Amino acid sequence: MLTIALTSAEIISLLIGLFLTLMVFSYLIGDNVLFRIAVYLFIGVASGYAAAVVVQYVLKPKLLDPIPSLLNDPLQLASLMIIVPFVLSLSLFAKLLPRISWMGSFAMALLVGVGAATAVGGAVVGTLIPQVRASAGAFDIQALGGLPKAIPGLVEGTVMLLGTVLTLAYFQFTAKRAADGSAKRNAILEFMAWLGRIFIAITFGVLFAGVYMAALTAMIERLSSMINFIKLVLGL
């Protein structure tokens, strides 16, 4: 029999984990107070953790710690670079008061603009360009070691290319609208868009399967943890 010595803190954390897991599993019998308490705890702890990370790794080193040097020499360039984000951060609190909420509009617009630019840039550099390179690289027969060895890569590349083109055909935003509100395309584009819907459905199916597998893995891990803890308490 394997005996593991646990400290008081570990026993308390295991008990909390056991009770919270049971509270979440109680949703199997319907929405109830225990499940809601677990959800509220999760949201509260996650929000508190995020706030602590922001304070510890962003606000404190970037904004609060440089304040003494800012007071000693307020005209240096580094000090001025701190004043601007500090003022913009304070202006965001104006959004809490409807009468002066306009004062935070500039900082909010700056946040949305920078966030959108970062997202678009990330999508282009991290998704679109690698997708194009991967699709083109699949047809590089010499790099794949000749035609016989390149056949699996060619098939994969053909599927990737067809999926990309047909999916983009489905999202043809320049298509005219029919009387019933649906997109009006010519016969060829309509057929390509129909095939694109199949690729989209397969993609969503794969994504759902991945999420389902991740959730199933997490549930198995929690059940295994609960069983092991009960065995440990009972000395089995």
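**Note on helix H7 and its packing against H6**

1. Start with the contact. On the H6 side, Val159, Leu162, Gly163, Val165, Leu166, Thr167, Ala169 and Tyr170 take part. They meet Met192, Ala193, Leu195, Gly196, Arg197, Phe199 and Ile200 of H7. Keep in mind that this is a predicted model.

2. Next, the geometry of the pair. Two packed helices are described by the angle between their axes and by the distance between those axes. Here the axes of H6 and H7 come within 7 Å and cross at roughly 115 degrees. H6 is therefore roughly perpendicular to H7, as angles of 65 to 115 degrees count as such. The crossing in which H6 passes H7 is left-handed.

3. Burial in H7. Which residues of H7 are buried? They are Ala193, Gly196, Ile200, Met226 and Phe229. Ala193, Gly196 and Ile200 are also among the H7 residues that meet H6. The buried residues of H7 pack against helix H1 (8-25) as well as helix H6 (147-170).

4. Length check on H7. The helix runs over residues 187-234, 48 residues in total. At 1.5 Å a residue it should span 70 Å, and its end C-alpha atoms are 70 Å apart, so the two agree. After H7 comes Gly235, with a positive phi near 75 degrees.

5. Confidence. The mean pLDDT of the protein is 83. Of its residues, 94% reach 70 or more. Confidence is highest in helix H2 (residues 33-64), at a mean of 90. Strand S2 (residues 183-184) has the lowest, at 72.

Note on methods. Residues are numbered from 1 along each chain as its sequence is written. This is a predicted model: local features need pLDDT of at least 70, side-chain atom pairs count only at pLDDT 80 or more; totals for chains, interfaces and linings use all residues. Side-chain values use heavy atoms; hydrogens and water are left out. pLDDT is the predictor's confidence in each residue, from 0 to 100. Helices (H or I, at least four residues) and strands (E, at least two) are DSSP runs, numbered from the N terminus. The expected span of a helix is 1.5 Å times one less than its number of residues. Buried means under 20% relative accessible area, exposed over 50%, partly exposed in between (1.4 Å probe, protein chains only). Contact means heavy atoms within 4.5 Å. Axes are lines fitted to C-alpha atoms, for helices over the stretch in contact, and angles run from 0 to 180 degrees between N-to-C directions. Angles under 35 degrees count as roughly parallel, over 145 as roughly antiparallel, 65 to 115 as roughly perpendicular and the rest as oblique. A crossing is left-handed if the near helix is turned anticlockwise from the far one by less than a right angle, and right-handed if clockwise.
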